Amino acid sequence: MNSLMDIWNEIKHILSTQLTPTAINTWFTDCEPVELEECRLVLRTPTEFKKKIISERFSPTITKILSDLFACDFDLLILVGDEEYEKEPSGDDPLPEMAGYTFDNFIVGNSNKFAHAAAISVAENPGKNYNPLFIYGNSGLGKTHLLWAIGHSIHERFPEKKISYIKGDDFTNEMVKSIKEGKTEEFRNKHRNVDLFLVDDIQFIAGKQSTQIEFFHTFNYIYEAGHQIVITSDRPPMEMSLLDDRLRTRFEGGLMADIAPPDLETRMAIARNKATRLGLILPDDIIEYIAASVTANVRQLEGVIKRLTAYKEILNSDITRASVDRAIDDVTKKGTDIPKPENIIRETAKYYSLKPEDLKGNNRSKNTAMARQIAMYLMRQLTNLSLNDIGKELGRNHTTALSSIRKIEDLMRSDQDMTGVIRDITSNITTSSGG
Ligand code: ADP
Ligand code: MG
């Protein structure tokens, strides 16, 4: 089975429910899929005119279908005639990864308006105004979001600029690996010869002596070339007790911007925005209730909305105070908003008196196959894993994941019992410990 073809057929199938047969014939019969990458679909069509029409009229629908399937924002690339497709070298363009983290999607309130304004200013004049920009604040308040927003904005306006993104702990790991493999030169080139250096969660390098030295040199190299550096951290430099003094001085020499927990009004705006993006319509009193209950962490606020979307799809009922309470409990009590795949697999197996290994193995008995399909369906509903990742959890590929999920969806439509089973397992997952 050709999985790229399967996905393309699925897209055409969905399009055919929205378009006339003539439209499908005209625009899509001679359009063929070329590649499906992490977050990009490449198509080929014979003429410039068809390319223009497809990208103008149909690309929003196609990318929407893809993001529904893969839980990732997609872009569509259309080739004309025998134009060749040149893959972007992987690792060099980190941007599609966090496609949703843009300035457009960032809600500004009192708690983050300074950091936001600083980020905009840096994005408009990289390397000119504030270097480095150092954004700090507690977890879940939007630091990584702003970091990527700067990246996206610069990438959009100056596509030729080289951008590198790295997390503090990955910097350490990569460096150690490069030393082991005798590739320090490559490591240096990769991070030094950039126009924009995005460093997330720098706190992880504090206390690691050799990493700090390497980072110091990297920093100076980029800084002296007049290129922009943006750093995030869970605390300000002066509170990082193990930070090398030379680095502290460098960090404090730029602009420091903190993000505080959002006020009620901002939380409401964020909740509303997230719900709208997930296609969930919530009445104002529910929005306010959620925003009043989840106060310290935007990631959790989003987690609640995400849960409600899943409940609504699974239970197919209106959102009530009770379901909101449950979602809030789930997200805040366990300190995590999304159940782990192991947990979903374990609870599903348990429900069918099976072991997790049974679901991961090759047993095709009816019971086991059903449990396996349900586990995939629930991973789809309750986590933001891609189809690929869902398949991998159970040793399958994304095509199998997709058809399993479809199968359960069909069953739920035709069989009340199935809806009950899904509800029970979901409830076991969300009440069991271990996320
Ligand atoms: P941090 O890096 O500070 O831990 P993130 O940037 O990962 O936090 O934010 C956590 C989640 O909350 C992300 O999904 C992000 O998009 C969202 N988020 C945070 N602040 C905002 C905001 N002001 N507007 C919209 N979404 C936000
Ligand atoms: Mg972060």
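Below is a chat about a predicted model and the ligand it holds.

Trainee: How is the chain divided into domains?
Mentor: The domain assignment gives domain 1 (3-80), domain 2 (96-258), domain 3 (264-332) and domain 4 (341-431), and please keep in mind that the model is predicted.

Trainee: What separates the centres of domain 1 and domain 2?
Mentor: Taken over C-alpha atoms, the centres of domain 1 and domain 2 are 36 Å apart.

Trainee: Okay, on to ligand 1, where does it lie?
Mentor: The shell around ligand 1 takes residues from both domain 2 (96-258) and domain 3 (264-332), so ligand 1 lies between these two domains.

Trainee: And which helices supply residues of that shell?
Mentor: Helix 5 (143-157) and helix 12 (298-315) do, with at least two residues of the shell coming from each.

Trainee: Which residues come nearest?
Mentor: There are 17 residues around ligand 1, and those that come nearest are I107, G140, T144, H145 and E302.

Trainee: What about E302, how does its side chain sit relative to the ligand?
Mentor: An N or O atom in the side chain of E302 is 2.6 Å from an oxygen atom of ligand 1. For R299, a polar side-chain atom lies 3.0 Å from an oxygen atom of the ligand, and for Y101 the corresponding distance is 3.3 Å.

Trainee: How much of ligand 1 does the protein bury?
Mentor: Ligand 1 taken alone exposes 560 Å², and the protein buries 93% of that area.

Trainee: Last one, what classes of residue make up the shell?
Mentor: Sorted by class, the shell around ligand 1 has 6 nonpolar residues, 8 polar residues and 3 charged residues.

How values were computed
Residues are numbered from 1 along each chain as its sequence is written. Chains are lettered from A and ligands numbered from 1 in the order in which they are written. This is a predicted model: local features need pLDDT of at least 70, side-chain atom pairs count only at pLDDT 80 or more; totals for chains, interfaces and linings use all residues. Side-chain values use heavy atoms; hydrogens and water are left out. Domain bounds come from an automatic or database domain assignment. A residue is near a molecule or strand if one of its heavy atoms lies within 4 Å of it. A polar contact is a pair of N or O atoms within 3.5 Å; within protein, one must be able to donate a hydrogen and the other to accept it, and residues adjacent in sequence count only if both atoms are side-chain atoms. Accessible areas come from the Shrake-Rupley method with a 1.4 Å probe; for residues, only the protein chains shown count as cover. Helices (H or I, at least four residues) and strands (E, at least two) are DSSP runs, numbered from the N terminus. Ala, Val, Leu, Ile, Met, Phe, Trp, Tyr, Cys and Pro count as nonpolar, Asp, Glu, Lys and Arg as charged, and the others, Gly among them, as polar.
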